[in-house]
Amino acid sequence: GLPQQVTIYEVGPRDGLQNESAVIPVEVKAEFIDRLADAGHKVIEATSFVHPKWVPQLADADELLRRLHRRTGVRYPVLVPNERGLDRALELGVDEIAIFASATETFAAKNLNRSLESQFDMFEPVVARALDNGIKVRAYVSMCFGDPWEGPTPIAQVVSVGERLLGLGCYQLSLGDTIGVGTPGHVTELIRAFRSPDRLAVHFHDTYGQALANTLAALHCGVTTIDASTGGIGGCPYAESATGNLATEDLVWMLRGLGIETGLDLSKLVATSTWLAELLGRPSPSRVVQALSKG
Ligand code: HMG
Ligand code: MG
């Protein structure tokens, strides 16, 4: 059966903006995040404490956190790859972080400058110190379905990386289809290969238009946390074939039709995406945004 309630983990300000070529002023980012909270989002991934040269679009992370109007009842996790990133996050009073691992050797090298094995040497002290400081840690694993260099990713390899991350003490594992090549049968097989679907989230990029179908498959397997980005913006600068995330509006539309509660105000989300699209200089790729903003 399907769950009665779903948590939408909003990644627009981080995954969405990390890949945009337009330079977005920090105050616009803060307003974007505040609009998302106003539309009812309870978890908003705000930015990344990565090397500013690796992701220049998010080089203003410290400044953004200082400007952010943090609302009670809303969580604002940030991406942190290493101890330097954790130091920056701690200084700004962040209470939730996400580490991001790779399921493949090539992407570990391209995205983290590490090998598949040595990425864990980077993450272990981050998770240990974060937990000591009372910080919640989520883990991503990227390229769960395939990567542009190695082809399809073996299920056992994804499970091995994922279980190790959960074993470090991460409260949740988000399965990333970074380049959007997954299909529903593959999603079902991967989720069933894990011990506990309640600790999983899914993170679908919509490159091949499969994100919504994949989400439905994940819901049927018992996953109740879905990553999405308002307006469907997103991508990964270290995987050229990556396009936008599953659009939050598309997800809300489907869930509403299924009678599943999200607490989100769809018209406020669409208004936010239309506002942002103008600033980014390109229309939102979301079909629901396009349909609801006509006329
Ligand atoms: P590195 O070059 O190996 O870093 O990069 P290092 O540890 O050797 O340090 C080199 C220098 O960088 C040092 O400075 C550090 O202090 C500095 P120096 O001593 O030479 O003056 N440095 C930092 N400065 C600020 N903040 C930091 C930081 N770390 C080191 N955190 C590193 C390793 C991991 C830092 C680099 O590879 C990196 O930043 N990678 C991030 C790439 C990224 O953000 N990709 C996009 C996010 S992942 C994604 O989008 C996928 C996801 O959405 C899920 C999915 O779709 O599948 C999550
Ligand atoms: Mg992503």
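**View 1. Strand S10 and its bridge partners.** Let's start with one pair of residues in this predicted model: Thr7 has Thr225 of S10 as its bridge partner. Thr225 of S10 is also the bridge partner of Ala201. These contacts belong to two pairings: strand S1 (residues 7-10) runs parallel to S10 over four bridges, and strand S9 (residues 200-204) pairs with S10, again in the parallel sense, over three bridges.

View 2. Are the residues of strand S10 (residues 225-228) buried or exposed? On one side you can find Thr225 and Asp227, on the other Ile226 and Ala228, and all of them are buried. Both faces of this strand are therefore covered, since a residue counts as buried when 20 or more other C-beta atoms lie within 10 Å of its own.

**View 3. From S9 to S10 by way of a helix.** Follow the chain from S9 through helix H9 (residues 211-220) to S10, and you trace a right-handed β-α-β unit.

**View 4. Ile99 in the nonpolar core.** The largest nonpolar core holds 83 residues, and Ile99 is among those that touch the most other members, along with Val78, Val80, Ile97, Ala101, Ala139 and Val141. Which residues does Ile99 touch, leaving aside those up to four places away in sequence? Look for Val80, Pro81, Phe123, Val126, Val127, Val137 and Ala139.

**View 5. The surroundings of ligand 1.** Here 24 residues surround ligand 1, the closest being Val50, Gly85, Ser142, Gly176 and Thr178. Helix H4 (83-91), helix H5 (105-112) and strand S5 (136-142) each give two or more residues to this shell. By type, the shell has ten nonpolar, twelve polar and two charged residues.

Terms used
Residues are numbered from 1 along each chain as its sequence is written. Chains are lettered from A and ligands numbered from 1 in the order in which they are written. This is a predicted model: local features need pLDDT of at least 70, side-chain atom pairs count only at pLDDT 80 or more; totals for chains, interfaces and linings use all residues. A residue is near a molecule or strand if its C-beta atom, placed from the backbone, lies within 6 Å of it. Ala, Val, Leu, Ile, Met, Phe, Trp, Tyr, Cys and Pro count as nonpolar, Asp, Glu, Lys and Arg as charged, and the others, Gly among them, as polar. A nonpolar core is a set of buried Ala, Val, Leu, Ile, Met, Phe, Trp, Tyr and Cys residues joined through C-beta atoms within 7 Å. A residue is buried if 20 or more other C-beta atoms lie within 10 Å of its own, exposed if 12 or fewer, and partly exposed in between; C-beta atoms are placed from the backbone. Two residues are in contact if their C-beta atoms, placed from the backbone, lie within 7 Å. Two strands pair if DSSP finds at least two bridges between them. A crossover is right-handed if, with the strands pointing away from the viewer, the path from the first strand over the helix to the second runs clockwise.
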